[in-house]
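Q: Before we look at any particular place, could we go through how to read charged pairs and helix packing in a model like this one?

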Amino acid sequence: MAKLSTEELLDAFKELTLIELNDFVKAFEETFEVTAAAPVAVAAAGAAGGAAAAEEVEEKDSFDVVLEAAGDKKIQVIKVVRELTSLGLGEAKAVVDGAPKAVLEGANKETADKAKAALEEVGATVTLK
């Protein structure tokens, strides 16, 4: 098998949807028995003490937008999911049909709030985690 350069790998990852990329990361972690989580938070919590660690956990900067239920307007929810994720029709339908399911993962607060508002506007039940 020919080796791919870093640039070629990045180009391939750019073409994946968020869900496909998430599945890849999980498979990579299982295959190589590693974790993609940054160990910096553990080191900082140990050095800062218990009170600082509790504050660090509360100040969350990435959120998962989880679709709990599609509601009555399933087609509109699918359209919003497609807009938010750039998934194809079949993939977006699978996300909506598979609720509860993450629509966005690791989004910043502003993006997560906008996504939640857009989904709730069309009648979906959404939570941020």
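A: We can start with a definition: a salt bridge is a side-chain nitrogen of Lys or Arg within 4 Å of a carboxyl oxygen of Asp or Glu. Bear in mind throughout that this is a predicted model.

Q: Which residues does D113 or K109 meet in a salt bridge, and where do the two lie?

A: In general, side chains of opposite charge can pair when their charged atoms come close. Here the side chains of D113 and K109 meet in a salt bridge, at 3.6 Å from N to O, and both residues belong to helix 7 (residues 109–121), where they are 4 residues apart, about one turn of the helix. D113 is partly exposed, with a relative accessible area of 33%, and K109 also counts as partly exposed, at 45% relative accessibility.

Q: How many salt bridges does a search of the whole structure find?

A: The search finds 6 salt bridges. One of them joins the side chains of D11 and K14, at 4.0 Å from N to O; both lie in helix 1 (residues 6–14), 3 residues apart, about one turn of the helix. D11 is partly exposed, at 36% relative accessible area, whereas K14 is exposed, at 65%.

Q: Which residue forms a salt bridge with D97, and how many residues apart are the two?

A: D97 forms a salt bridge with K74, and the closest N and O atoms are 2.6 Å apart. This pair links distant parts of the chain, since D97 is in helix 6 and K74 in helix 5, 23 residues apart. Both count as partly exposed, D97 at 40% relative accessibility and K74 at 34%.

Q: How should I read the arrangement of helix 5 and helix 6, and at roughly what angle do their axes cross?

A: Two packed helices are described by the angle between their axes and the distance between the axes. In this model the axes of helix 5 (residues 74–85) and helix 6 (residues 89–97) come within 9 Å and cross at roughly 120 degrees. Angles of 65 to 115 degrees count as roughly perpendicular and those over 145 as roughly antiparallel, and helix 5 and helix 6 are therefore oblique to each other. Their crossing is right-handed.

Q: Which residues of helix 5 and helix 6 meet?

A: From helix 5, K74, V77, I78, V81 and R82 meet L89, A92, K93, V95, V96 and D97 in helix 6. By class, this contact has 7 nonpolar, no polar and 4 charged residues.

Note on methods: Residues numbered from 1 in each chain as written. Predicted model: local features only at pLDDT ≥ 70, side-chain atom pairs only at ≥ 80, totals over all residues. Heavy atoms only, no water. Axes fitted to C-alpha atoms, helices over the stretch in contact; angles between N-to-C directions. Parallel < 35°, antiparallel > 145°, perpendicular 65-115°, else oblique. Left-handed = near helix turned anticlockwise from the far one by under 90°. Contact = heavy atoms within 4.5 Å. Nonpolar A, V, L, I, M, F, W, Y, C, P; charged D, E, K, R; others polar. Buried < 20%, exposed > 50% of the residue type's maximum accessible area, 1.4 Å probe, protein only.
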